[in-house]
Amino acid sequence: MNKIKLVVFDMAGTTVRDNKEVETCFAEACSQTGLVVSEERILALQGYSKIEVFQMLWDEKIGKDHPEYEENVFVSYDTFREILENHYKTHEIIPIEGCLETFAYLRENGIKIALTTGFYRIVADIILKKLGWLEGLDENHFNMDGTAVIDLSLTPDDVIKGRPEPYMIKKAMEVFGIEDPWQVINVGDTPSDLESGKKAGCLLSLGVTNGTHSHDQLAAYPNDGLINSIAGIIEIVKQQNVVEHEKI
């Protein structure tokens with residue numbers, strides 16, 4: 001019997017090749033709407049729900065009590081959405097190296113695959129559609145008949161709050177009827193990914209170092225291991241399931 005029942009993956013930078021699209025689009029939206037934000041600050045907020053990022057940035061600049069706070073947040077967010085959606089519609093999107101092989105191994109071993117993201121649903125679906133991963137998912141983005149590449153897609157739109165809170169991971173567990181978080185591995189390339197896995201109580205919350213953050217950057221945050229790429233998950237799952245078999 002497998003110990004690991006579910007692996008939860010981030011999208012951009014973890015399963016989907018990241019060429020700093022989000023950082024570039026954020027910087028452009030900030031520039032167009034009067035926010036002066038450093039590259040380091042934008043990088044630190046990767047993985048968060050995008051509307052929450054602009055809420056934080058405008059709070060830092062003028063405070064939530066400022067009469068123009070809410071308007072500024074939505075102007076920046078709407079500008080970002082337009083820039084980001086246009087980018088993903090007009091540029092190539094490809095899986096990160098080792099992704100499809102990792103998915104294939106998990107599926108062959110009956111382990112569910114859930115994708116989570118800081119993107120809102122429209123952008124997540126643009127990416128999934130261009131990859132061909134939307135095929136086979138129902139209206140709830142669930143792999144009802146087993147024909148899809150992934151088993152579930154979740155965005156902050158599907159829960160009460162996005163990362164670094166654990167609600168997307170917990171939602172995935174609920175969908176698959178998994179009660180024990182020690183049957184779940186969480187994988188991402190940002191500090192907020194790692195934090196969400198820790199808050200969910202996952203057996204492992206792992207960082208990949210070939211996405212938006214380097215090994216040294218992720219090492220500064222609580223984690224259960226850093227791997228060079230998503231392909232490292234295969235050996236980790238094998239080890240965990242061997243340990244479980246020996247216990248039995």
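Author: Contact means heavy atoms within 4.5 Å. The model is a predicted one, in which local features need pLDDT of at least 70 and side-chain atom pairs count only at pLDDT 80 or more, while totals for chains, interfaces and linings use all residues. Residues are numbered from 1 along each chain as its sequence is written, and side-chain values use heavy atoms, with hydrogens and water left out.

Reader: With which residues is Asn228 in contact, leaving aside its neighbours within four places in sequence?

Author: Asn228 is in contact with Thr209 and Asn210, once those neighbours are set aside. Helices (H or I, at least four residues) and strands (E, at least two) are DSSP runs numbered from the N terminus, and Asn228 sits in the loop between strand E6 (226-227) and helix H10 (232-247). Its C-alpha atom is separated by 9.3 Å from that of Gly211, 17 residues apart along the chain.

Reader: Does Asn228 count as buried or exposed?

Author: Buried means under 20% relative accessible area, exposed over 50%, and partly exposed in between, for a 1.4 Å probe and protein chains only. Asn228 has 64% relative accessibility, so it counts as exposed. Gln46, by contrast, has a relative accessible area of 4% and is therefore buried, although Gln46 too is placed in a loop, the one between helix H2 (39-44) and helix H3 (50-62). Leaving aside neighbours within four places in sequence, Gln46 is in contact with Val22, Glu23, Thr190, Ser192, Thr212 and His213. Between Gln46 and Asp189 there are 143 residues of separation in sequence, and 9.0 Å in space, C-alpha to C-alpha.

Reader: Which residues of helix H7 are buried, and how are they placed around the axis?

Author: The arc is taken from the directions that run from the helix axis to the C-beta atoms. In helix H7 (residues 167-176) the buried residues are Met168, Ile169, Ala172, Met173 and Phe176. They cover an arc of only 145° around the axis, which means that they are on the same side of H7. Their cover includes strands E1 (6-10), E2 (112-116), E3 (152-154) and E4 (184-188), together with helix H8 (191-200). After H7 comes Gly177, whose phi is positive, near 70°.

Reader: Which residues in the largest nonpolar core touch the most other members?

Author: A nonpolar core is a set of buried Ala, Val, Leu, Ile, Met, Phe, Trp, Tyr and Cys residues joined through side-chain atoms within 4.5 Å. The largest has 60 residues, of which Phe9, Phe54 and Tyr88 touch the most other members. Helix H4 (residues 69-90) gives the most to this core, with 7 residues. Another core, of 15 residues, lies apart from it and includes Ala172, Phe176, Ile178 and Cys202.

Reader: What lines the largest pocket?

Author: A pocket is found on a 1 Å grid over the protein atoms alone, as an open set of points with protein on both sides within 12 Å along at least five of seven lines, and lining residues have an atom within 4 Å of a point. The largest pocket is lined by Lys20, Glu23, Thr24, Ala27, Val37, Glu39, Glu40, Ile42 and Leu43. Helix H1 (21-32) and H2 are the elements that give two or more residues to this lining, and H2 has the largest share, 4 residues.

Terms used
On a 1 Å grid over the protein atoms alone, a cavity is a set of points where a 1.4 Å probe fits but cannot get out, and a pocket is an open set with protein on both sides within 12 Å along at least five of seven lines; lining residues have an atom within 4 Å of a point.
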